Amino acid sequence: MAKVKAKDLRGKKKEELLKQLDELKTELQTLRVAKVTGGAAAKLAKIYTVRKSVARVLTVINQTQKENLRKFYRKKAFKPKDLRHKKTRALRRALTPYELKIKSKKEQRKQRLYPQRKLCQEF
Amino acid sequence: MAPKGKKPVPSKPAPKEVKKSAPPKASSGGVVKAKEKALKAKKNVVRGRHDKKNRKVRTSVHFRRPKTLKLPRNPKYPRKSVNRTNKLDQYALIKYPLTTESAMKKIEDNNTLVFIVDKRANKPMIKQAVKKLYNIDVAKVNTLIRPDCEKKAYVRLASDHDGLDVANKIGII
């Protein structure tokens, strides 16, 4: 069987990927049976490659799925929680940049009237 | 004016003044009557009604919570973007068949196959998985957990299958 490459997998559609996944998994089953019944060394060595191929297919499936979901939710107001920024718990609960920026009328007035002066400037 | 502090009916200040000047206006009796009625309603709202005629009849000593509107869930966004796939599918469930001497004996004599399965598998799941993987009918499944923490499943095939043939097909023999 040809080597499974992620580059080739990314172009495929989901059904094709799932079908390939099925095929790989059945092959893995037969290889495991061969391992138990004392199969040839070639077969036993193949187990590793097939396992990694399965992992590759699953990675491509999940990556494209997540990417499409992110695209779908990009402009929306409410996103599912796993598509939001992870950051840290504290940062997520912190004030937003806008909330930090807003000033009361009183404070605005003060800043306008009494700005921070810079005295004794070096030339 | 309102001892209980209830908000008086808003549109009613006018009638009060009308009432004062009502007695001289004997000709517009109908209008006065309506205004009086409105005044009375206002008074009732403000003072509260204590009449005994329309009191609710309570047939039980207990006060039961009245049933209120319960709306079904209608989330604005799904909490998880995508549900988890089933990691314990048929391929992960059945690990490999056993090929020990006693397992071989079971294949020949009792028409059963012996598999090592995932510890989280249960009998109906094993039955389904074997059916799907090898396209055979299963009569029953017996399971046990080995001392090395692996689950062993004795899968008895239906009588129209031959254990030896199936084992050949799988590759056990």
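Visitor: Is Lys95(B) buried, partly exposed or exposed?
Guide: This is a predicted model, where local features need pLDDT of at least 70, side-chain atom pairs count only at pLDDT 80 or more, and totals for chains, interfaces and linings use all residues. Buried means under 20% relative accessible area, exposed over 50%, and partly exposed in between (1.4 Å probe, protein chains only). Lys95(B) has a relative accessible area of 30%, so the class is partly exposed.

Visitor: Which residue meets Lys95(B) in a salt bridge?
Guide: A salt bridge puts a side-chain nitrogen of Lys or Arg within 4 Å of a carboxyl oxygen of Asp or Glu. Here the N to O distance is 3.7 Å. The partner of Lys95(B) is Glu150(B).

Visitor: How many residues apart in sequence are the parts that this pair ties together?
Guide: Helices (H or I, at least four residues) and strands (E, at least two) are DSSP runs, numbered from the N terminus. Residues are numbered from 1 along each chain as its sequence is written. Lys95(B) lies in strand S1 of chain B, and Glu150(B) in the loop between strands S3 and S4 of chain B, so the separation is 55 residues.

Visitor: Which residue forms a salt bridge with Asp89(B)?
Guide: Asp89(B) is buried at 19%. Its loop lies between helices H2 and H3 of chain B, while the partner sits in helix H2 of chain A, so the pair joins two chains. The closest N and O atoms are 2.9 Å apart, and the partner is Lys25(A).

Visitor: What is the relative accessibility of Asp118(B)?
Guide: Asp118(B) forms a salt bridge with Arg120(B). Arg120(B) is exposed at 62%. Asp118(B) counts as buried, at 12%.

Conventions. Chains are lettered from A and ligands numbered from 1 in the order in which they are written. Side-chain values use heavy atoms; hydrogens and water are left out.
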